[in-house]
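The sequence and structure come first.

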Amino acid sequence: MRSVRDLVGVAVSGLTSRWSRTLLIMLGPIIGVSAIVAAVGLTESAKGDLQQTLAALGDNLIKVEASGSFGATDPTFSEDVVARVNRLSTVEGSTALLSVTGVITTPYEAAADYYTAFPTPVLTADEHFLDVMNVELVSGRWLNSFDSSTAARSAVVGIGLADEFGFREGNRTIRLNNLDYGVVGVVERYPLDNVFDNAVIIPTSTADADFDVGLEPNTLYVRSDPASTLATEDALPVAINLGGDGEATTLVLSDALEAEAAADSTLQIIVAAMGLLALIVGGVGIANVMSISVIQRSAEIGIRRALGHGRSLIAWQFLLESVAVGLMGGLAGAAVGVGIVIYASRIAGWVHVLAPELDLFGVTLPAHYLGMPTLYLIGVGAALLTSVIAGLYPSVKAAQLEPLETLRLG
Amino acid sequence: MSQPPLLELDAVSRIYGTEVLVYALNEVSLTIDTGEFVSIVGPSGSGKSTMLGLLGLLDLPSQGVMRVTGKAVHELGDHERSRLRGDVVGFIFQQFHLIPHLDARRNVETALLYRNLSPRDRKRKAMEALDVVGLAPRHEHRPVQMSGGEQQRCAIARAIVTDPQLLLADEPTGALDSTNAANVMDIFADLNNGTRSIAIVTHDPAVAASADRRISMRDGRIVADEKLQHGEAITSFGGTLGSSH
């Protein structure tokens with residue numbers, strides 16, 4: 001064992017006596033491993049954020065739009081569509097909306113022309129909206145049964161509209177076709193559907209009274225039993241039309257977000273592959289520098305042979321130098337990668353994921369192995385493997401040097 | 001049962017080339033016993049460098065048998081041969097061949113690596129060896145910070161730290177001025193005792209004359225092998241010439 005310790009001492013002194021060179025060849029593994037760690041860590045952090053959003057919003061909200069029979073304009077559902085849908089045993093709740101067309105909204109008097117050209121969406125909604133959508137109010141209150149029964153001119157605005165014009169409960173009004181509506185609340189952004197962000201939402205009865213749009217909705221949001229979202233989605237058109245000739249388009253809102261998470265996996269593989277490439281190039285760099293080093297140090301090798309060190313000890317010495325570069329570079333690279341993940345996550349506002357589960361070609365690896373994050377074990381292991389392979393050729397070359405030739409005797 | 005000789009060459013040849021054969025050594029037989037002080041002299045191309053490589057176990061005979069403390073070296077693998085080399089032979093080179101990035105003590109310690117020694121023992125032995133050559137106060141100096149004479153003394157310390165039976169010197173004074181050369185030869189004279197042999201390869205007649213035995217080579221053969229009486233006078237009287245002249 002003391003021989004191993006001696007060997008480590010020789011390798012370390014060989015590296016530390018040439019610090020700048022050692023640091024330079026360490027750059028390869030540092031860049032490679034940090035790229036791998038950062039690529040996986042960042043995409044997992046971004047995905048983790050998406051998954052957190054998904055978990056909060058649920059993946060069981062189905063949007064249903066009336067598409068009517070062939071050729072119909074502005075198709076709608078029947079008035080009792082919510083009751084029909086709620087009859088399905090897998091439906092936990094639903095809310096109906098109607099897009100009101102032909103209404104000019106003027107939040108800001110001087111800009112009337114602009115809002116004529118680019119109309120703000122006006123929607124009607126019922127009192128179940130907040131519960132079914134699982135969305136919060138920023139301020140104020142939602143439309144209530146008093147508003148409905150009296151056809152009150154109350155409005156809730158989306159947060160985009162509110163931010164743009166500083167709407168606050170009670171002290172502002174919004175003008176719809178020259179009728180003043182009181183803004184009673186501001187609804188939070190809904191990540192899965194941005195139609196509410198800049199919308200004005202009014203009671204169905206008020207819309208019918210002021211704009212004569214009827215009481216039939218054209219959009220439904222249905223909250224399903226999470227275990228049977230797909231079955232619910234399939235059953236909805238039949239439940240809505242009851243054999244009639246109307247048609248309904250259904251969409252599970254979280255699907256787009258899940259697709260986004262999947263796309264991130266592809267990006268992760270690409271960036272990690274580039275990191276691997278950097279690692280391989282770094283390995284070639286190690287092999288290069290070590291080969292030159294063997295030539296430069298041929299006299300030292302001859303001396304060591306003359307002092308009784310066998311060929312295998314010489315080979316081990318150089319292999320160990322290479323491995324030490326790989327190990328230290330790998331560890332430094334992992335540290336740099338962690339730094340990148342933490343820093344970039346902070347900037348992006350993500351919760352950083354430092355020890356993700358890994359999915360390699362369909363094999364799922366646990367987040368930790370032997371108490372260490374698997375990701376870093378793989379990164380440092382790859383650097384080690386690269387440095388062993390890179391060090392093999394120079395080490396064998398060093399062992400093959402003939403001391404008689406390098407010592408210039410006589 | 002008599003002790004085998006330290007070094008024994010029995011009709012040893014060293015042949016280079018495959019089609020045109022060059023006999024660097026041609027059927028040389030030679031015995032060096034424990035405690036001898038031998039010089040090997042000859043012009044360039046006489047085979048003395050080849051002889052040095054063989055005596056130092058850095059090379060193997062092409063023909064013939066070479067035995068070191070009774071062991072036939074061609075029967076040993078690289079590991080055993082290296083171990084034997086480290087145990088029996090201490091090398092001293094014309095160009096000193098210290099490792100440039102190590103200080104004097106660590107250069108000496110290099111000879112003690114892989115010998116199952118604790119760092120403390122290794123350090124102690126290295127300092128003792130440096131003390132023998134008068135370099136202990138400069139043990140933290142690296143080769144570039146030492147004079148030629150100091151570097152050669154450091155190299156001698158490295159050669160003797162393993163307490164080898166044979167000191168093998170290749171033109172040890174060739175890169176030194178006369179004062180340092182005399183200094184180094186004095187150290188050799190001191191190191192030559194009943195258990196340690198010294199073999200110096202040189203073309204300097206003065207250096208050769210300080211040995212007890214002079215082996216002259218030419219064209220890969222030994223042409224003369226003489227005992228020198230006056231060498232003893234030089235070592236005994238610390239540099240004054242013997243009266244036998």
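Thr124(A) stands opposite Ile202(A) in strand S9 of chain A. The model is predicted: local features need pLDDT of at least 70, side-chain atom pairs count only at pLDDT 80 or more, and totals for chains, interfaces and linings use all residues. Residues are numbered from 1 along each chain as its sequence is written, while chains are lettered from A and ligands numbered from 1 in the order in which they are written.

**Strands around S4 of chain A**

- S4(A) (residues 122-125) and S9(A) (residues 200-203) pair in the parallel sense over four bridges; two strands pair if DSSP finds at least two bridges between them.
- Helices (H or I, at least four residues) and strands (E, at least two) are DSSP runs, numbered from the N terminus.
- Strand S2 (residues 91-100) of chain A runs antiparallel to S4(A), and four bridges join the two.
- Leu97(A) has Ala125(A) in S4(A) as its bridge partner.
- S4(A) is covered on both faces, with Val122(A) and Thr124(A) buried on one side and Leu123(A) and Ala125(A) buried on the other.
- A residue is buried if 20 or more other C-beta atoms lie within 10 Å of its own, exposed if 12 or fewer, and partly exposed in between, with C-beta atoms placed from the backbone.

**Strands around S8 of chain A**

- S8(A) (residues 179-187) is joined by three bridges to strand S5 (residues 137-140) of chain A, in an antiparallel arrangement, and Ser139(A) stands opposite Val186(A).
- Strand S6 (residues 154-158) of chain A runs parallel to S8(A), with five bridges; here Ala155(A) has Val183(A) as its bridge partner.
- Strand S7 (residues 173-176) of chain A pairs with S8(A) in the antiparallel sense over four bridges, and Ile174(A) stands opposite Tyr181(A).
- S7(A) and S8(A) form a hairpin with two residues between them, and Asn177(A) in the turn has a positive phi of about 45°.

**Sheet of chain B**

- Four strands of chain B form an open antiparallel sheet in the order S2-S1-S4-S5.
- S2 (22-32) and S5 (71-72) of chain B are at the edges with a single partner strand each, so one side of each has no neighbour in the sheet.
- S1(B) (residues 7-16) and S2(B) pair in the antiparallel sense over seven bridges, and Val12(B) stands opposite Val28(B).

**Nonpolar cores**

- The largest nonpolar core has 116 residues, of which Val33(A), Val108(B), Ala157(B), Leu168(B) and Ala199(B) touch the most other members.
- Helix H2 (residues 19-57) of chain A gives the most to this core, with twelve residues.
- A second, separate core of 49 residues includes Ile62(A), Val82(A), Val100(A) and Leu192(A).
- A nonpolar core is a set of buried Ala, Val, Leu, Ile, Met, Phe, Trp, Tyr and Cys residues joined through C-beta atoms within 7 Å.

**Contact between the chains**

- 28 residues of chain B are in contact with 25 residues of chain A; contact means that the C-beta atoms of two residues, placed from the backbone, lie within 7 Å.
- On the side of chain B that touches chain A, the elements giving two or more residues are H1 and helix H2 (78-88) of chain B.
- H2(B) gives the most to that side, with seven residues.
- The residues of that side divide into ten nonpolar, eleven polar and seven charged.
- Ala, Val, Leu, Ile, Met, Phe, Trp, Tyr, Cys and Pro count as nonpolar, Asp, Glu, Lys and Arg as charged, and the others, Gly among them, as polar.
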